[in-house]
Amino acid sequence: MQGKGIIKFAAIVIAIVCLYSLSFTYVANKVEKDAKEYAKGNIDVERAYLDSISTKPVYPLFDHTYQYVKEREIPLGLDLKGGMNVTMEIELVQLVKSLANNPSDQNFNTALANAQADLANSQEGFIKLFVKEYEKVVPSGKLATFFATKENATEIKLNASNADILVFLEKQGKSAVDRSFNILRTRIDKFGVTQPNIQLQEGSNRILVELPGVTDKQRVRRLLQGSAKLEFYEAHDNVEIFPLLQNINNILAAKIPKAETKKETTTLAKDTSASKDKPALLSAKKGSTTSDSVKNNEALVKSNPLFAVLAPASQSGKDGQQSLSPGPVVGYAAQKDTAKINAMLSSADIKAVIPSNVKLLWGIKAVSPETKTFQLYAIKPTGLNGEPALEGDVISNAREDIDQRGNPEVTMTMNSTGAQEWKRITAAAAGSPQSEDDNKCIAIVLDNSVYTAPRVSGEIPNGVSSISGSFTIDETKDLANVLKAGKLPAPAKIVEEAIVGPSLGAEAITSGLLSALVGLIVVLIFMMFYYNRAGTVANVAVFANIFFLMGVLASFTAVLTLPGIAGIVLTMGMAVDANVLIYERIREELGLGKSLKQAIADGYKHAMPSILDGQITTFITGVILYVFGSGPISGFAITLMIGIVTSLFTAIFISRLVFEWMLSKDMKIKFSNPWSSHTFKNANYGFVKNRKFFYLFSGTFITLGIISIILRGFSYGVDFKGGRSYVVRFEKSVTTDKVRDVLNETFGGTTEVKTFGSDDQVRVTTSYKIDDTANNADQLVENKLNEGLSKITSNKAKIMSSQKVGPTVANDVRISAVYSVILCIFAIAIYIFIRFKKWSYSVGALVAVTHDVLLVLSFFSLFNGILPFSLDIDQAFIAAILTVIGYSINDTVVVFDRIREFLNNHHAKTDDMKVVINDAINNTLSRTVITALTVIFVLVVLFVFGGEVIRGFSFALLIGVIFGTYSSICVATPVVVDLGKNAKM
């Protein structure tokens with residue numbers, strides 16, 4: 001074996017990296033286990049414990065903090081952890097209206113309405129549809145008459161073409177989506193969810209939000225769908241506000257009984273005697289945490305309850321003395337303490353002492369991401385109701401720019417009304433023209449959080465302002481985008497939503513782990529049972545494969561989902577595929593009389609082309625699945641692709657190293673047991689001769705399936721047809737007919753109800769109010785569902801999970817599914833043509849995989865409603881179809897490789913090609929059947945133990961693998977024979 005040393009070194013390095021990556025998950029789980037034991041069931045105490053150690057070292061040797069470790073553990077998907085998955089769609093109707101100054105023109109508004117209606121059944125974006133619809137309504141109409149406004153003058157002229165308007169609107173649309181993304185990200189960061197995920201779906205106006213562990217669905221909906229509120233406030237100076245904070249601190253301290261504070265007050269007298277006005281906490285450093293600068297011990301908390309968690313904003317003078325920092329920032333606090341401070345400031349007795357012209361708001365971003373420290377600002381509301389100095393709707397434009405010194409800045413332009421008021425505000429904030437010492441700040445507030453508070457250096461008379469500072473170019477882009485939030489509203493609406501309760505997530509983990517364990521045991525037993533001691537080597541490779549697979553997943557922090565676990569289980573079955581190929585070739589070489597060492601070397605050498613071809617084609621399907629899939633399905637694709645790579649490494653290199661070691665020790669190696677040594681050895685089945693029978697069987701089944709599809713159709717999942725779906729669990733068993741009758745009456749329409757797993761659990765699907773875009777529509781439907789369920793007497797029901805898919809998303813999912821399957825089929829056909837350089841092989845592969853897809857579709861239509869479990873066509877089904885295509889072509893390529901070998905080396909020119917090809921098929925029969933059996937075994941395990949959520953998915957894989965094995969032998973090769981009758985094979 002060449003390069004043995006390099007392979008050993010690579011294996012050791014990869015193993016160390018994988019072990020290190022997996023260690024983060026182990027350490028994080030250990031810390032969280034300690035937190036649970038400490039809290040004894042109290043969730044608030046558990047969170048406080050974890051918050052308190054977030055910045056402390058918990059990782060032995062490297063001293064990584066808990067926060068660092070947590071960010072690098074293997075994150076669990078919402079289907080395993082529970083939580084909320086939401087797809088937000090940015091509505092661009094209001095944006096287009098605002099850019100045109102809300103015209104009342106009937107043709108303009110008709111085009112908007114038509115475009116909105118077309119959006120549900122089109123792949124084009126709203127803005128393109130709007131321009132097309134306007135040109136239909138007014139064939140010679142010029143959109144520039146609406147958009148060539150004073151605010152848009154720098155970009156749009158009156159003579160601009162409709163194509164120019166389209167470019168302008170798409171640019172503004174992208175800006176609106178980016179703005180919404182930043183606003184949502186900020187809101188989520190403040191929501192306090194552990195490991196949230198927010199992703200902008202490139203090329204669309206949709207944003208994916210994942211919030212693990214949330215239970216208050218309505219609060220999340222309000223948070224995500226609320227309109228952005230941009231305001232400008234004058235600001236106080238820290239020196240003005242510090243006495244107020246001292247007073248608040250004293251009031252809070254006075255509320256603590258003296259018996260508890262007497263001893264502590266005495267011990268603190270020395271600290272506070274240095275200044276009658278400032279507590280010892282004034283020495284706290286800016287941006288530091290309470291653990292290292294505020295000396296947050298028990299005595300301090302009781303004597304100075306506010307300053308124990310809020311470090312006053314201070315600075316060191318030239319003489320080293322601490323003094324209050326100038327500006328509107330009055331304090332610093334760790335994120336974990338902000339809720340505590342808010343509770344203190346909102347109590348009735350504290351609110352009574354805070355003047356009406358003082359408002360304390362947190363900064364929108366942490367000043368120290370490592371310690372998650374936030375600034376507290378003091379702003380100055382005006383009027384009786386605490387209004388801002390200006391609302392954000394006065395801004396007509398904002399853009400990133402470069403100042404005269406080459407530094408990034410933001411140029412902000414206001415309309416005439418805003419400019420007039422802005423002149424007065426900035427004049428008052430600038431103070432005396434002769435001195436900069438009295439310059440005040442103006443706070444830019446977004447959603448009740450301070451985005452930034454620039455200092456005003458002079459009066460701004462014309463409404464055009466430059467905001468400069470230590471900005472990066474990206475920060476100026478973000479700020480400019482945020483400043484447009486008031487003038488250019490673009491509401492974000494929930495168009496897709498999935499909620500998984502924590503108990504259902506825990507059940508999914510249990511079923512997933514059980515299926516993985518049983519699947520592993522089945523594969524291990526079968527390999528030892530069939531291949532004797534060589535099977536043990538394959539099992540070593542399987543263990544190594546699982547270890548490397550989990551290590552790579554951990555190193556990429558890939559989210560582990562239930563379909564992802566299914567991918568791991570499937571990988572176990574497919575991992576032995578390469579070993580089976582190698583072992584079957586070794587057995588052939590031994591049959592030719594070669595020595596064991598030579599047979600092993602030649603077996604690995606001759607099996608390599610088939611292994612690579614099969615795995616590459618499967619990898620292609622994984623890539624397409626990742627590109628077109630979303631959420632848990634993407635998790636399955638990632639697991640599948642990584643599993644293919646690790647399987648190749650372990651089967652080709654790790655197992656070979658083990659054999660080399662065994663040979664060096666003169667160990668006896670057997671590749672079969674007495675009963676399995678002759679399995680399929682002299683097989684001589686007439687596959688080619690009986691090909692017309694196979695054509696007839698497949699043609700009949702597919703014809704019946706097409707008839708069924710036309711007459712009966714499919715049972716579509718909610719992500720294909722749109723609507724809302726709920727998993728409901730009852731205390732006792734319940735019949736679907738009873739639930740359906742009650743809910744049909746409640747919703748006033750057809751409701752689909754199916755048993756989901758056990759007889760006390762159902763899945764309810766309804767399209768009730770699916771087109772309602774009101775923010776409270778989801779809650780109204782859920783209330784209606786609960787109202788109907790309450791009519792089922794003496795059987796209490798609980799909603800375990802829910803899913804919502806809007807019409808536009810459902811349409812996109814359907815179209816993406818069709819594209820992905822077609823693309824996958826043709827991509828593989830092209831690869832086969834390149835690899836075998838004969839069109840007959842490519843067409844044979846194309847026919848075989850299309851045949852497999854049609855067989856599975858036919859089966860799902862024919863047996864829908866007959867089998868006692870769901871046969872829905874949804875995203876998981878499409879993932880199964882693509883995986884089946886990959887598996888089928890894997891089998892087909894191995895057969896094609898052997899056919900090519902036989903045609904080149906094992907026949908004379910006078911031999912009948914049909915006989916030679918049939919011999920080649922029989923020669924690979926053992927490999928085809930054994931690999932099919934290992935995959936079928938694990939899929940049966942997945943079907944039985946994997947849980948109801950992936951039962952339809954695993955069943956589609958199961959029948960797909962059976963059909964795929966059949967087609968690779970009985971369809972693909974006969975097609976090659978028939979196509980090659982008049983061609984040179």
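Is Tyr59 buried or exposed in this structure? Tyr59 is buried, with a relative accessible area of 10%; here buried denotes under 20% relative accessible area, exposed over 50%, and partly exposed the range in between, with a 1.4 Å probe and protein chains only. The model is predicted, so local features were considered only at pLDDT of at least 70 and side-chain atom pairs only at pLDDT 80 or more, whereas totals for chains, interfaces and linings use all residues. Residues are numbered from 1 along each chain as its sequence is written, and side-chain values rest on heavy atoms, with hydrogens and water left out.

The protein chain contains 31 helices and 23 strands, which are DSSP runs numbered from the N terminus (helices: H or I, at least four residues; strands: E, at least two). Its C-alpha trace spans about 105 × 75 × 70 Å along the principal axes. Of the 985 residues, 54% are buried. The accessible surface comes to about 44,100 Å², and carbon and sulfur atoms account for 57% of that area; accessible areas were computed by the Shrake-Rupley method with a 1.4 Å probe, and for residues only the protein chains shown count as cover. Among contacts (heavy atoms within 4.5 Å) with a separation of 6 or more, 74% join residues 24 or more positions apart.

The largest nonpolar core comprises 139 residues, a nonpolar core being a set of buried Ala, Val, Leu, Ile, Met, Phe, Trp, Tyr and Cys residues joined through side-chain atoms within 4.5 Å. The members that touch the most other members are Met527, Tyr583, Phe659, Ile832, Phe860, Ile885 and Phe896. Helix H18 (residues 502-555) gives the most to this core, with 18 residues. Apart from this core lies another, of 46 residues, which includes Met84, Val96, Phe108 and Ala490. With residues up to four places away in sequence left out, Tyr583 touches Met527, Tyr531, Ala534, Gly535, Val537, Ala538, Phe659 and Phe671.

Helix H18 also holds Ile521, a partly exposed residue with a relative accessible area of 40%. Together with Leu517, Ile525, Phe529 and Trp675, Ile521 forms a nonpolar surface patch with about 530 Å² of accessible area. Patches consist of residues with over 30% relative accessible area and no salt bridge, like charges being joined within 9 Å and nonpolar side chains (Val, Leu, Ile, Met, Phe, Trp, Tyr) within 5 Å.

Aromatic pairs number 44 in the structure. Rings of Phe, Tyr and Trp (its six-membered ring) pair if their centres lie within 6.5 Å, and planes under 30 degrees apart count as stacked, over 60 as edge-to-face and the rest as tilted. Tyr20 and Tyr59 form an edge-to-face pair, at 6.3 Å centre to centre and 65° between the planes. Tyr20 belongs to helix H1 (residues 4-39) and Tyr59 to the loop between helix H2 (43-52) and helix H3 (66-70), so this pair ties together parts that are 39 residues apart in sequence. Tyr20 is partly exposed, at 30% relative accessibility. The ring centres of Phe869 and Phe943 are 5.0 Å apart with planes at 70°, so that pair is likewise edge-to-face. Phe869 is buried at 17% relative accessibility, as is Phe943 at 18%.

The structure holds 32 salt bridges, each defined as a side-chain nitrogen of Lys or Arg within 4 Å of a carboxyl oxygen of Asp or Glu. Lys4 and Glu660 meet in one of them (3.7 Å, N to O), which links helix H1 with helix H21 across 656 residues. Lys4 is partly exposed, at 30% relative accessibility, while Glu660 is buried, at 14%. Within helix H19 (residues 562-591), Glu588 and Arg585 lie three residues apart, about one turn of the helix, and form a salt bridge whose closest N and O atoms are 3.8 Å apart. Arg221, Glu497, Arg724, Asp778 and Lys804 are linked in a network of salt bridges.

Two aspartates have positive phi values. Phi of Asp447 is near 50°; Asp447 occupies the loop between strand E14 (442-446) and strand E15 (449-452) and is buried, with a relative accessible area of 18%. Phi of Asp666 is near 55°; Asp666 lies in the loop between helix H21 (632-664) and helix H22 (691-711) and is exposed, at 70% relative accessibility.
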